[in-house]
Amino acid sequence: MPAGRPALIALTALAPVSWGTTYAVTTEFLPPDRPLFTGLARALPAGLLLLALARVLPRGTWWWKAAVLGALNIGAFFPLLFLSAYRLPGGTAAAVGSVGPLFVVGLSALLLGQRPTVRSVLTGVVAATGVSLVVLEAAGALDALGVAAALASTASMSAGTVLTKRWGRPDGVGPLALTGWQLTAGGLLIAPLALLAEGAPPALDAPAVGGYLYLALANTALAYWLWFRGIGRLSATQVTFLGPLSPLTAAVVGRAALGETLTPVQLAGMALAFGATAAGQLVSRARTAEPSAPFSSPSRNGRKDSMDLTGPALRR
């Protein structure tokens with residue numbers, strides 16, 4: 001493993017840890033039933049801040065690529081995420097995101113023509129089984145729309161992760177600018193929808209202002225910069241295997257700060273999902289030196305770069 005790889009993984013992991021606090025912040029500090037406005041307040045200020053710092057705009061095909069990535073990673077993901085946060089307990093809402101690795105495997109096959117391996121599919125199925133235990137155990141108490149929104153948000157983010165890895169970055173553009181492009185594009189996409197569906201912005205008290213500042217700065221600007229930086233240097237599967245840190249954080253915060261409880265079956269399901277995805281991450285790190293037949297994609301400088309979206313460790 002390269003000398004700096006553990007530090008890179010640890011820094012990238014800070015993003016899902018931060019995202020795991022989103023649910024508690026949303027339910028405790030923000031105005032109720034405003035998923036679109038909350039997504040807008042989280043995305044657009046952070047995007048404009050990063051654009052001001054990077055001072056680089058898209059060129060050529062990157063105008064539409066940035067718009068597509070912004071729609072998937074931000075414009076669709078944020079409203080769906082907050083809709084699920086408003087309608088589900090935080091630990092449960094985040095746990096649904098554990099199916100992310102399975103989505104990435106499927107989308108890699110669909111968008112890149114990369115054949116799924118038995119190991120990668122098995123890992124995703126075990127994670128999804130764990131999530132099912134969490135959801136089905138409390139099916140009578142869960143909101144169907146909230147579960148659907150959580151699944152849709154995970155699918156959107158997974159598609160964005162695969163395309164971000166596929167397209168890379170244009171020559172001379174760093175992750176700060178790429179993050180700013182996506183946050184701004186996603187925020188601009190949400191803005192008219194929020195105005196039409198939710199009307200004028202709500203009145204904000206001091207806790208709400210603090211909550212939105214936290215979401216925009218630490219939870220979004222910093223966290224997404226770390227996330228897209230990690231995507232550029234790690235395999236897509238390695239990155240998505242860090243996703244269970246978000247539901248783990250949400251469950252811990254929900255239990256410690258909000259008094260949420262989980263049944264033994266739900267706890268077992270969460271442990272199964274976390275264990276499966278964590279095991280995949282550890283195996284990927286342990287076998288990165290093994291030869292494989294990676295997918296080749298255009299690099300930022302026009303050469304063909306080796307890219308393995310399932311990770312060499314997930315090859316049978």
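Student: Which helices each supply at least two residues of the nonpolar patch?

Tutor: Helix 3 (35–54) and helix 10 (206–233) do. Bear in mind that this is a predicted model.

Student: Which residues form that nonpolar patch on the surface?

Tutor: Leu49, Leu53, Leu204, Val209, Leu213 and Leu217, which together have about 510 Å² of accessible area. Helix 10 gives the largest share, three residues.

Student: Now the inside. Which residues of the largest nonpolar core touch the most other members?

Tutor: Trp19, Phe78, Leu183, Tyr224 and Trp227, out of 39 residues in that core. Two or more core residues come from each of helix 1 (5–19), helix 2 (22–29), helix 3, helix 4 (62–87), helix 9 (175–198) and helix 10. There is also a second, separate core of 10 residues, with Ala66, Leu69, Val173 and Ala177 among them.

Student: And what does Trp227 touch?

Tutor: Leaving aside residues up to four places away in sequence, Trp227 touches Thr12, Ala15, Pro16, Trp19, Met157, Thr161 and Val239.

Student: Is helix 8 mostly covered or mostly open, and what follows it?

Tutor: Mostly covered: 17 of the 24 residues in helix 8 are buried. Gly168 follows helix 8 and has a positive phi, near 65°.

Student: What about Val131: buried or exposed?

Tutor: Val131 has a relative accessible area of 6%; the cut-off for buried is under 20%, so Val131 is buried. Val131 sits in helix 7 (residues 118–137). From Val131 to Phe274 is 143 residues in sequence, but 9.4 Å in space, C-alpha to C-alpha.

Student: Last one, the whole protein chain. How many helices and strands are there, and what percentage of residues is buried?

Tutor: The chain has 13 helices and two strands. Of its 316 residues, 53% are buried. The chain exposes about 13300 Å², with carbon and sulfur atoms supplying 68% of that. For contacts between residues at least 6 apart in sequence, 88% join residues at least 24 apart.

Conventions. Residues numbered from 1 in each chain as written. Predicted model: local features only at pLDDT ≥ 70, side-chain atom pairs only at ≥ 80, totals over all residues. Heavy atoms only, no water. Helix = DSSP H or I, 4+ residues; strand = E, 2+ residues; numbered from the N terminus. Buried < 20%, exposed > 50% of the residue type's maximum accessible area, 1.4 Å probe, protein only. Patch = residues over 30% accessible without salt bridge, like charges linked within 9 Å, V, L, I, M, F, W, Y side chains within 5 Å. Areas by Shrake-Rupley, 256 points an atom, 1.4 Å probe, with all protein chains shown as cover. Salt bridge = Lys/Arg side-chain N within 4 Å of Asp/Glu carboxyl O. Core = buried A, V, L, I, M, F, W, Y, C linked by side-chain atoms within 4.5 Å. Contact = heavy atoms within 4.5 Å.
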